[in-house]
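Biologist: Could you walk me through this one, please? I would like to learn what lies behind the terms you use.

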Amino acid sequence: MAEEVPSINIEEWKPRTSIGNLVKNGKISSIKELFDRNLPITEPEIVDVLLPKLKYEVVDIKVVQKQTDAGEISRYKVLVIMGNMDGYVSIGTGKAKQLRVAIQKAIRDAKMNILPVRRGCGSWQCTCGEPHSLPFKVVGKAGSVEVNLLPAPKGTGLVVGSVLKTLLTYAGIRDAWSTTKGETRTTENFVRAGYSALYNTYNFVTLQDWARKR
């Protein structure tokens, strides 16, 4: 179930980095400008300012154990998917003894991993030109899992695994096909492979990119 990411009080935010100061002072006014200038996200508050109204969903909760001198310590490990459902998506993990704290850590981690996703209409069966799918086939890997995402014509929907469907929905992709290899029952690797595939949407230089450079 999607939930809105808690917002911060911008007035109380005291940036710790030069990029944070640029954002708070209004010298960087959009998340797109941040990526265009190839600047890293150095503080989670930067995302709160530049990309408000993000939503997140917890997709995996498990208990992990750590062996110490005092014995075994059990903690929750949480995996969340975050996005604005309009071209930006992220994943994050968090560990803590309390579930609520683990979710908060995962949200903070996801803010640091926000990713722009290139969308398009790459299916030869569809010529609508709207950014409802992917512009071309992309591949992502994590552990033993390999995910291939393929463009689909408008109206197809997301013909993918359930967790991958959540990831693509938060990225703003409405139509896609997929093929997978490996142990997809491992939720974290499955999600990370899909996230890696979305990251690769900007690894290719398209004809439109060449036109903009000229």
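Modeller: Gladly! Let us start with Glu188 and Lys77, which form a salt bridge whose closest N and O atoms are 3.1 Å apart. Please keep in mind that this is a predicted model, where local features need pLDDT of at least 70, side-chain atom pairs count only at pLDDT 80 or more, and totals for chains, interfaces and linings use all residues. Residues are numbered from 1 along each chain as its sequence is written, and side-chain values use heavy atoms, with hydrogens and water left out.

Biologist: Why is the pair Glu188 and Lys77 called a salt bridge?

Modeller: The term asks for a side-chain nitrogen of Lys or Arg within 4 Å of a carboxyl oxygen of Asp or Glu. Lys77 and Glu188 have their closest N and O atoms 3.1 Å apart, so the pair qualifies.

Biologist: What makes domain 1 and domain 2 separate entries?

Modeller: An automatic or database domain assignment sets the bounds, giving domain 1 (3-116) and domain 2 (138-209).

Biologist: How do you know how much area is buried between domain 1 and domain 2?

Modeller: Buried area is the accessible area (1.4 Å probe) that two parts lose on being put together, summed over both. For domain 1 and domain 2 that comes to about 1,600 Å², with carbon and sulfur atoms giving 70%. Met85, Ile91 and Leu115 supply 34% of what domain 1 buries against domain 2, more than any other three residues.

Biologist: How many salt bridges are counted between domain 1 and domain 2?

Modeller: The count there is 1 salt bridge.
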